[in-house]
Amino acid sequence: MKKAVCIMSGGMDSTLCAVMAKREGYEIMALHFDYEQRTMRREKMAFEQICDRLGIKKRLNLDVSFIADIGGNALTDKNLAVSKDGLGDEIPNTYVPFRNGIFISIAAALAEKEGAQAIYIGVVEEDSSGYPDCKGEFIECMNAAINVGTAPETKIKIVTPLVNLSKADIVAKSLEFGSPLELTWSCYEREDEACGLCDSCRLRLRGFERAGAKDKIKYANLS
């Protein structure tokens with residue numbers, strides 16, 4: 001059976017990617033990272049629940065807390081306030097420097113060791129917070145580097161099925177494919193109820209609204 005490493009945060013984008021990988025016939029190894037982010041425990045819980053729901057038995061949770069040691073972002077540095085100014089043209093302070101580059105590099109090592117043919121990652125370029133490591137061009141460069149820097153017989157493709165979709169498209173496709181949206185977590189700040197105000201919550205809520213669907217998770221700042 002063909003194999004894929006799925007980088008899964010516990011959010012709706014990466015969950016949909018895992019569902020799509022399953023539909024493509026891949027045996028999935030789910031890869032999750034703890035990097036001392038504000039909602040680390042809640043994201044890990046979502047990851048485990050999603051894997052259980054999807055029947056993913058092979059899963060790996062890695063401690064990469066050195067990302068927090070590097071700092072420079074509001075997800076790991078609690079001295080910085082999570083931006084709630086709305087979605088603009090500037091890269092927000094929730095951007096974790098080169099996080100996807102780090103995640104993909106580790107996923108590539110795992111894929112090479114496991115003999116996997118694909119790495120699935122839920123990056124979204126067109127309707128995101130403007131993170132540079134979510135761009136299609138970046139993914140293409142990383143893919144080329146992986147296949148230069150691994151054994152000659154190793155051929156790995158980074159699969160980004162959502163990269164050109166809007167959040168509304170992602171919600172609609174999640175509903176179409178039966179992706180467990182109610183188990184996913186997107187909030188950058190809170191672990192009890194989603195704040196509804198951070199960039200990630202705003203994007204998620206806007207996606208549901210434009211898709212004409214109702215989000216089943218609880219929000220602290222919505223009636």
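User: How many aromatic pairs does a search of the whole structure find?

Analyst: The search finds five aromatic pairs, where rings of Phe, Tyr and Trp (its six-membered ring) pair if their centres lie within 6.5 Å. This is a predicted model, in which local features need pLDDT of at least 70, side-chain atom pairs count only at pLDDT 80 or more, and totals for chains, interfaces and linings use all residues. Residues are numbered from 1 along each chain as its sequence is written, and side-chain values use heavy atoms, with hydrogens and water left out.

User: Why is the pair of Phe 33 and Phe 103 called stacked?

Analyst: Planes under 30 degrees apart count as stacked, over 60 as edge-to-face and the rest as tilted. The ring centres of Phe 33 and Phe 103 are 4.1 Å apart and their planes stand at 10°, so the pair is stacked. Phe 33 lies in strand S2 (residues 27-34) and Phe 103 in helix H4 (residues 99-114), so the pair ties together parts that are 70 residues apart in sequence; helices (H or I, at least four residues) and strands (E, at least two) are DSSP runs, numbered from the N terminus.

User: What makes the pair of Phe 98 and Phe 138 edge-to-face?

Analyst: The centres of the rings of Phe 98 and Phe 138 are 5.6 Å apart and their planes are at 80°, so this pair is edge-to-face.

User: Why does Phe 98 count as partly exposed, and why does Phe 138 count as buried?

Analyst: Buried means under 20% relative accessible area, exposed over 50%, and partly exposed in between (1.4 Å probe, protein chains only). Phe 98 has 41% relative accessibility and therefore counts as partly exposed, whereas Phe 138, at 15%, counts as buried.

User: How do you know that the charged end of Arg 23 sits over the ring of Phe 177?

Analyst: A charge sits over a ring if NZ of Lys or CZ of Arg is within 6 Å of the ring centre and within 35 degrees of the ring normal. The charged end of Arg 23 is 3.8 Å from the centre of the Phe 177 ring and sits over that ring. Lys 2, in turn, lies over the face of Tyr 26, at 4.4 Å from the ring centre.

User: What makes strands S1 and S4 partners?

Analyst: Two strands pair if DSSP finds at least two bridges between them. Three bridges join strand S1 (residues 3-7) to strand S4 (residues 118-120), and the two run parallel. Both belong to an open sheet of five strands, in the order S3-S2-S1-S4-S5.
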